[in-house]
Protein chains: 2
Amino acid sequence: MSFVKQFRCTVCNQAIEYKEDTMTCPFCGEKGILDIEYDYEAMKKFVDKNFFKHSDDFSMWRYYPMLPIDKKHASQMLKIGWTPLYHAKRLEKSLGISALYIKDEGVNPSASLKDRASGIAVLKALELGYHTVSCSSTGNAASSLACHAAHMGLKSVIFVPKRAPIGKLNQLLIYGANVISVDGDYKDTFQLSKLAIEHYGWYNRNAAINPNLVEGKKTVALEIAEQLNFNPTDWVCVSVGDGCTIAGVYKGFYDLYQLGLINKIPRLLGIQSTGCSPFVDAYITSKPLKEADENTIADSISVGIPRNPIKAQRAVLESNGAFLAVTDDHILKSMKKLGSKEGIFGEPAGVTALAGLEEALKNGVIKPNESVTIIMTGHGLKDPINAQKAVKAPVLLKPKLEDLKQYMKEKGDKKHA
Amino acid sequence: MSFVKQFRCTVCNQAIEYKEDTMTCPFCGEKGILDIEYDYEAMKKFVDKNFFKHSDDFSMWRYYPMLPIDKKHASQMLKIGWTPLYHAKRLEKSLGISALYIKDEGVNPSASLKDRASGIAVLKALELGYHTVSCSSTGNAASSLACHAAHMGLKSVIFVPKRAPIGKLNQLLIYGANVISVDGDYKDTFQLSKLAIEHYGWYNRNAAINPNLVEGKKTVALEIAEQLNFNPTDWVCVSVGDGCTIAGVYKGFYDLYQLGLINKIPRLLGIQSTGCSPFVDAYITSKPLKEADENTIADSISVGIPRNPIKAQRAVLESNGAFLAVTDDHILKSMKKLGSKEGIFGEPAGVTALAGLEEALKNGVIKPNESVTIIMTGHGLKDPINAQKAVKAPVLLKPKLEDLKQYMKEKGDKKHA
């Protein structure tokens, strides 16, 4: 069963017949990124609160009637989604806001939210009979694709810029991907993958291009809403690189709103690093999006030419949200804060949402009496080099109690003494 | 409600009254590690298949009536357990065995099975009014304790040997633990932590000493059994360091057997590295366990003086199982194999169970017609240095399609061309 009605081009706004392997608008070409539209009236009869109440599928596929997939192979996949949503009481108190939730996407199989998009890509590739899947990525999209392709017996060819951190590259190679490290930045990497995918006819998992992938990402919003009994928070904060994740978050809430399952779409705060902030620059200046430098430690959102500007900008505009930028230093501090206050260890792009929330509270974009969900997009173990920058090396002591007592005394930690 | 009946000392076999903060046998001292005994007849009336069928708690706390805890704080914890059990069809086929399942413990909050023991420790510490928890650990026990302590607002003091890999140290520090890096090996580290815990009166999370922790670890066996509809596999394979994990696995199956929920206890295969194999040496020579070198890349099981020899040896003996050792080289090959065949990325000690299964099939300890579960104990992202040893660096190409075509041609991969 599928409730997919048609595509609609985000550029020319024309409705386009839904075909499984259509990627972009036939009229607008590569810029014509497509939305998937559903028959909400038909979907409503099937998908209601009761449907979820009786579901025993605790993965992203519990939302299969809201996705453009044949769920035949879904049960054989690694478990993606239905990640925990934590009520972050200690952090909420320290920030002085009324309610704070954290969606922990680091516990997905390949340790990031990107598993949701890659899960859809791999299901689609299997459905359509492809043997090889491919993408370019700063890391998480790639490792998630390699992970799920491996589990389902597909080959993967992955294009990465040479700056990708060690943890992410290891993942790709361990998963048996054919990894092409590109001697250039993300733009060069994307371009080569595009040419190669066309040339070899592989299944394309580039998130901006493939309209199915945002549908996978939207499941994070569906879960947030359901986990809050369909009363989502006033704001949802998420870091922004390519723009596909925030677009997916918006689409999830949009679908639920169309189905009458939620009464409002949360305001979306899209956060970038000041070292790479094309969306923020365009938002502040009200000018078209321009290419930006890629100069941030948060490699997952270091995207100078976002491939999904329309959907991302629309997500913020239509949700009455905002874009803002935070410094890399603030990102590193947030890594330590999220870890030590809540026991959640995020990679730089994963904790950027917390830094953004703090910035938004400071400048009044978010009010203390509003409720907030932070999407923590990827596990901190993915980027040990930057995690090390966020902490001080531990003290090295000889194995003697006297030395320890001396250290504890010097530390002046009365509660320990 | 608690069905705890009493302690029983593993050395002198005496029954000892259950008190919340008793750690070891009052007659035998530190060597007198305690078992927790339950009133199975009373437990039976409460815990049956129906109980689990109607449980909506998808974490380790779904087994609360089988644990020595007050579950008051459990719902506020990070989500531990109810990790996926995958039917590993592709690996099963390549190994030529009748059925193979993989329990993926890498998706726990701090990315290892140790979360199960630390979860119990933190709950107990809260229950008993402690403010600080402490342990010594090669890494995973420590990072899991720091993680869950942080989330619940406890302080943690962690003793680590200086060789602990970067990913694990970062985790501790990010979680805000007070980390004491000990200039010595695991034995020195353990000894200092023992003295400090006594001196300062912190809650002791050293797994061998604290009898509650094996009860936490047993939940992995409870889940394996339940996920297989209470028909566990003929064998369960798990790597062995201190001995506490295999002891927990045995205890879980033992409890289920006492409750009549399973008909047999699976045979347990305990696997060590040839670089540190005190259990295997004792098993092969039928002599008492002796101190061994600590010379393996699998740092989580690099334990020269295991602190839980009795429970671990009993687990293998009473389950009619076996101990065996595999080389570090085999462990690295298994890391790549598990990743590329099943999309599961494990740290060295996590994939050691796969290497052990292969070894056991080779030497006839496990027969091809037997069914097997592998416990994958920790995520590969925890140890990027060793993961890198398991793979070849990717090719670096200029961003030109012609260069890529040349590379693909040289690679001779016809399916891609």
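This briefing covers sheets, helices and single residues in chains A and B.

The model is predicted: local features need pLDDT of at least 70, side-chain atom pairs count only at pLDDT 80 or more, and totals for chains, interfaces and linings use all residues. Residues are numbered from 1 along each chain as its sequence is written, while chains are lettered from A and ligands numbered from 1 in the order in which they are written. Helices (H or I, at least four residues) and strands (E, at least two) are DSSP runs, numbered from the N terminus.

- Five strands form an open sheet with parallel pairing, in the order β14(A)-β8(B)-β7(B)-β6(B)-β9(B). Two strands pair if DSSP finds at least two bridges between them.
- Its edge strands are β14 (395–397) of chain A and β9 (203–204) of chain B, and each pairs on one side only.
- Within the sheet, β6 (residues 132–136) and β7 (residues 155–161) of chain B run parallel and share five bridges. S134(B) lies opposite V157(B) of β7(B).
- Helix α7 (residues 186–200) of chain B packs on this sheet and touches β6, β7, β8 (178–182) and β9 of chain B. Its direction is at about 155 degrees to that of β6(B). Axes are lines fitted to C-alpha atoms, for helices over the stretch in contact, and angles run from 0 to 180 degrees between N-to-C directions.
- Helix α5 (residues 140–152) of chain B lies across β6 and β7 of chain B, at about 170 degrees to β7(B).

**The six-stranded sheet of chain B**

- A second open sheet has six strands with mixed pairing, in the order β4-β5-β13-β10-β11-β12 of chain B.
- β4 (85–87) and β12 (322–326) of chain B are at the edges with a single partner strand each, so one side of each has no neighbour in the sheet.
- From one strand to the next, the twist averages 25 degrees.
- Six bridges link β5 (residues 99–104) of chain B to β13 (residues 371–376) of chain B, and the two run parallel. Y101(B) has T373(B) as its bridge partner in β13(B).
- Helix α11 (residues 278–285) of chain B packs on the sheet, touching β11 (267–273) and β12 of chain B. Its direction makes about 125 degrees with that of β12(B).

**An antiparallel pair in chain B**

- Strand β1 (residues 4–9) of chain B runs antiparallel to β3(B), and five bridges join them. C9(B) has L34(B) of β3(B) as its bridge partner.
- β3 (residues 34–38) of chain B is mostly covered, with four of its five residues buried. A residue is buried if 20 or more other C-beta atoms lie within 10 Å of its own, exposed if 12 or fewer, and partly exposed in between; C-beta atoms are placed from the backbone.

**Helix packing**

- Two packed helices are described by the angle between their axes and the distance between the axes.
- In chain B, α10 (residues 244–258) and α12 (residues 309–318) pack at about 50 degrees, with axes 8 Å apart. They are therefore oblique to each other. Angles under 35 degrees count as roughly parallel, over 145 as roughly antiparallel, 65 to 115 as roughly perpendicular and the rest as oblique.
- I246(B), A247(B), V249(B) and Y250(B) of α10(B) meet K311(B), A312(B) and A315(B) of α12(B). Residues are in contact if their C-beta atoms, placed from the backbone, lie within 7 Å.
- In chain A, the axes of α10 (residues 244–258) and α12 (residues 309–318) come within 8 Å and cross at roughly 50 degrees. That makes α10(A) oblique to α12(A).

**Helix α13 of chain A**

- α13 (residues 328–342) of chain A has 15 residues and reaches 21 Å from its first C-alpha to its last. That is close to the 21 Å expected at 1.5 Å a residue; the expected span is 1.5 Å times one less than the number of residues.
- Twelve of the 15 residues of α13(A) are buried, including H330(A), I331(A) and L332(A).

**Single residues in loops**

- Most residues other than glycine have a negative phi.
- N320(A) has a positive phi near 60 degrees. It sits in the loop between α12 and β12 (322–326) of chain A. N320(A) is exposed because 11 other C-beta atoms lie within 10 Å.
- W82(B) also has a positive phi, of about 45 degrees. Its loop runs between α2 (49–53) and β4 of chain B. W82(B) counts as buried, with 21 C-beta neighbours inside 10 Å.
- P394(B) lies in the loop between α15 (384–389) and β14 (395–397) of chain B. It counts as partly exposed, with 19 C-beta neighbours inside 10 Å.
- Beyond its neighbours within four places in sequence, P394(B) is in contact with L169(A), L173(A), V179(A), I180(A) and S181(A).

Technical notes: Contact = placed C-beta atoms within 7 Å.
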